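Here are my notes for your first look at this one. Have the model open beside you and take the points in order.

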Amino acid sequence: MTQHRKGLVLDFGGVLTTPLLPAALAFERRDGLAEGTLLTGLYLDPEGIRLTEELERGTLTQTQWNEAAAGRLGISPDNLMGRIFADLRPEPSMIAAAAAARRAGIKVGILSNSVGLTPWNLYDGYDVEKLYDALVLSEVHGTRKPQPEIFRLMLEELGLTAEECVFVDDTEQYLPPAAELGLATVHAVEPAKTVAALEALLGIPLTDEDMNEEPDRVTP
């Protein structure tokens, strides 16, 4: 007999929003950077990775990150994080699925590696503290995905065990640590497939539309 889960843990950027990469590529075009400059300079380079991880842990402010990252890219630091992700938009199908899960009695939490809250706030306009049962931001707790501790913090906030929860993230490398703790995992690649996978794991409908596509890859 299939065990349906009672909790849903969602990453924010790239799950409840449109994908991050197209937004970053659009920023490069606007700022006159060669395609791939941002990814190479900040997210593949060891020093760029270090800066971003410090930002996510809250040991570096967004303004400090803006200054350091802009220096590496040779561009203006003014609201750099906000400029990079200016094209991000809400992902309606995932937001609706999360709301449907809550209406069905599923506890829904957001677990996010944050990017600072000022001068630009990624979460503005999403009512994250009102529309979800728990909100765990990495900078608040000084730990980040994929560290097991941040998953344990979320489980405590939801009052559920790992075996009772599903974790969704668009970053595949964050899934195995969650799975090792006992959470079912879904790699979010395409919203319709993610919703279909969640319907199977939670045992409830999350949309009025028929899902004819194969679910995103999951671990039970």
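1. Let's start with helices α3 and α4, residues 46-57 and 62-73. Axes here are lines fitted to C-alpha atoms over the stretch in contact, with angles from 0 to 180 degrees between N-to-C directions. Helices (H or I, at least four residues) and strands (E, at least two) are DSSP runs, numbered from the N terminus.

2. Who touches whom in that pair? From α3 come E47, G48, L51, T52 and L55, meeting Q62, W65, A68 and R72 of α4; contact means heavy atoms within 4.5 Å. The residues of this contact split into 4 nonpolar, 3 polar and 2 charged.

3. A word on what you're looking at: it is a predicted model, where local features need pLDDT of at least 70 and side-chain atom pairs count only at pLDDT 80 or more, while totals for chains, interfaces and linings use all residues. Residues are numbered from 1 along each chain as its sequence is written, and side-chain values use heavy atoms, with hydrogens and water left out.

4. Now α1 (residues 20-30), which packs with α2 (residues 37-44) at an angle of about 115 degrees, the axes being 9 Å apart. A24, F27 and E28 of α1 make the contact with T37, L38 and L39 of α2. By type, the contact residues come to 4 nonpolar, 1 polar and 1 charged.

5. Which residues of α1 are buried? They are A23, A24, A26, F27 and E28 (buried means under 20% relative accessible area, exposed over 50%, partly exposed in between, with a 1.4 Å probe and protein chains only). These buried residues pack against α2 and also α5 (80-84). After α1 comes G32, with a positive phi near 75 degrees.

6. Strand β1 (residues 7-10) is covered on both faces: G7 and V9 are buried on one side, L8 and L10 on the other. β1 pairs in the parallel sense with β2 (residues 107-112) over 4 bridges, and G7 stands opposite K107. Another 4 bridges join β1 to β4 (residues 165-169), again running parallel, with F167 as the bridge partner of V9. Strands pair if DSSP finds at least two bridges between them.

7. There are 4 aromatic pairs (rings of Phe, Tyr and Trp, its six-membered ring, with centres within 6.5 Å; planes under 30 degrees apart are stacked, over 60 edge-to-face, the rest tilted). F12 and Y126 are edge-to-face, 4.8 Å centre to centre with 80 degrees between the planes. F12 sits in the loop between β1 and α1 and Y126 in the loop between β2 and α7 (128-131), so the pair ties together parts 114 residues apart in sequence. Both F12 and Y126 are buried, and ring pairs link F12, Y123 and Y126 into a cluster.

8. Last, E149 in helix α9: at 38% relative accessibility, E149 counts as partly exposed.

Terms used: Nonpolar A, V, L, I, M, F, W, Y, C, P; charged D, E, K, R; others polar.
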